[in-house]
Amino acid sequence: MGRMGHIAVGIDFAGDRLLAVEARGAGRLRAVEGAIAVGVPVATALPAYAGFVRRLTAPLSSLDKARRVLPSMLDIELPFPLESCSYVFLDVRRAADRGVEALAVAARTEDLSAWIARCAAAGVDPVSVEHEAVALWRAWIAQQPVAREQTRLIAYLGPDRTSLAFGGADGLVAATGIRQGGASLAEPEAPALQRLALWWRAVRNADDTRAAHIAWCGPASDHIETRRALLNALFPRSTPREIVAPDTARFLAGALARSLAGRSDDTGNLRQGPLAHPQVARRASRERVSACAAAALAALLLGGVAMTGLYLLDRARESWQARLIEEARRVSGIDRMPRGQELFTAQRALQNQAAGWAAFARHREPGADALLARAVQASAGLGIQLQSAVVRPRSILLQGTAPDWDGGERLAAALSALGLRTELDRRDAGADERVHFTLRGEP
């Protein structure tokens, strides 16, 4: 559903004749021959000759910072003061050179007011007024996308105006328009054709090797003579591929209707601020109220969550305090103790009991017999012959012979694994060809 409902009407002017198309959602279109139903939102497009389109690039990496800078950049490009116009920035995105680019669309307030007055004289009050080139480009891209190796020139021919929009796979680049159309362009040397040819040479890079094609639409696009004259003026040395819109006369009106009925945002609408449609202003006001109410509800929920969290935190603190008291009682043997002194009391009790625990720990340590058994077991596995052994609970003195020079080292390593510091004395092999050693192990 669109922002203003699922039914919308788009209108276009063919001279004094009003062309209207109704859309239901993003689906089927139908021509409206009679009066437009009361209450149905209407969209229209400001002719290209009354608007301004320019692609800008801000040398910034941040999208937010670029959005704040873009109005100042647009002010430099505009042929009229920024304060005297309505403007929007479309397709804001990061550029290939790490900057941020956007399509700037603007129109003078007085031109917008005059267009809205013309619509009112025809019996319609549009809720949305887009730039004509933007609406045409969006409709053509939806119908037939532009390939990376192509450029597209959209030519809208009306009985009283001509509009051109140029771009490629990266989007709309530029647009222009004149207040002449139809038969007035059929003359090969018409001044209007020369103006359009000058614009075309300025916006199209001479080194661009991409294949250009031209898309025809508008109520006068079936005038073969006009199309031929425009083609000869713009492409004197080449013949571009041509495509023609279905229902050319109502193509723009259908694009506007489908956009208003199928889009959920108001992007591209130049009718804003003091010129905003009352229906749009009321909707925006309701959305602000709803946003405030949602924020207030979120604040209440957050407060409730915070209070619940504090309550649970207090419960957990009390539970851990009870466990601390219980453990302190168990360690110290004291039934009652001052709150906050549990840790100190437990530490004092442990210090007083340290001597008794040390004796108990020594009692549980392996005795001399276990140490001797480990030494004998290791010696047997290493081929060592023990000649004498003096063993205490935590020290040992061994004398013996090993089959090679490293045998004593391996026995020392086995004792080191028991936590003893070892000291090994070896002598050269004797007549028995064995290495005599003395090995001491102490804590």
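Buried means under 20% relative accessible area, exposed over 50%, and partly exposed in between. The structure discussed here is a predicted model.

Q: Is E22 buried or exposed?
A: E22 forms a salt bridge with R24, with the closest N and O atoms 3.6 Å apart. The relative accessibility of E22 is 9%. The limit for buried is under 20%, so E22 counts as buried.

Q: How many salt bridges does a search of the whole structure find?
A: Side chains of opposite charge can pair when their charged atoms come close. One network of salt bridges links R55, D91, R93 and E101. For the whole structure, the search finds 21 salt bridges.

Q: Which strands stand at the edges of the open sheet of 5 strands?
A: The order in this sheet is β3-β2-β1-β4-β8, with mixed pairing. Each edge strand has a single partner strand, so one side of each is left without a neighbour in the sheet. The edge strands are β3 (29-32) and β8 (128-131).

Q: What angle does the direction of helix α6 make with that of β1?
A: Helix α2 (residues 109-121) lies across β1, β4 and β8, and runs at about 135 degrees to β4. Helix α6 (residues 251-262) also packs on the sheet, touching β1, β2 (17-24), β3, β4 and β8. The direction of α6 makes an angle with that of β1 of about 155 degrees.

Q: How are α3 and α6 oriented to each other?
A: The axes of helix α3 (residues 132-143) and α6 come within 9 Å and cross at roughly 85 degrees. Angles of 65 to 115 degrees fall in one class, and α3 and α6 are therefore roughly perpendicular.

Q: How many nonpolar residues are in the contact of α3 with α6?
A: In α3 the contact residues are E132, A135, L136, R138, A139, W140 and Q143, and in α6 they are F251, L252, A255, L256 and S259. By class, 2 are polar and 2 charged, while the nonpolar number 8.

Q: What covers the buried residues of helix α5?
A: In helix α5 (residues 224-234), the buried residues are T226, R227, A229, L230, L231, A233 and L234. Their cover includes β9 (150-157), β10 (162-168), α4 (191-203), β12 (211-217) and β13 (241-244).

Q: How far apart in space are V146 and G171, C-alpha to C-alpha?
A: V146 is found in the loop between α3 and β9, and it is buried, with a relative accessible area of 12%. Leaving out residues up to four places away in sequence, V146 touches W137, I141, T151, R152, G168 and A169. V146 and G171 are 25 residues apart in sequence, and their C-alpha distance is 8.9 Å.

Q: Which strands are at the edges of the open sheet of 4 strands?
A: The pairing in this sheet is antiparallel, in the order β14-β15-β17-β16. An edge strand here pairs on one side only, and the two are β14 (385-392) and β16 (421-426).

Q: What angle does the direction of helix α11 make with that of β16?
A: β16 is joined by 6 bridges to strand β17 (residues 435-442), and the two run antiparallel. T422 stands opposite G441 in β17. Helix α11 (residues 407-416) packs on the sheet, touching β15, β16 and β17, and its direction makes an angle with that of β16 of about 165 degrees.

Methods. Residues numbered from 1 in each chain as written. Predicted model: local features only at pLDDT ≥ 70, side-chain atom pairs only at ≥ 80, totals over all residues. Heavy atoms only, no water. Salt bridge = Lys/Arg side-chain N within 4 Å of Asp/Glu carboxyl O. Buried < 20%, exposed > 50% of the residue type's maximum accessible area, 1.4 Å probe, protein only. Pairing = 2+ DSSP bridges. Contact = heavy atoms within 4.5 Å. Axes fitted to C-alpha atoms, helices over the stretch in contact; angles between N-to-C directions. Parallel < 35°, antiparallel > 145°, perpendicular 65-115°, else oblique. Nonpolar A, V, L, I, M, F, W, Y, C, P; charged D, E, K, R; others polar.
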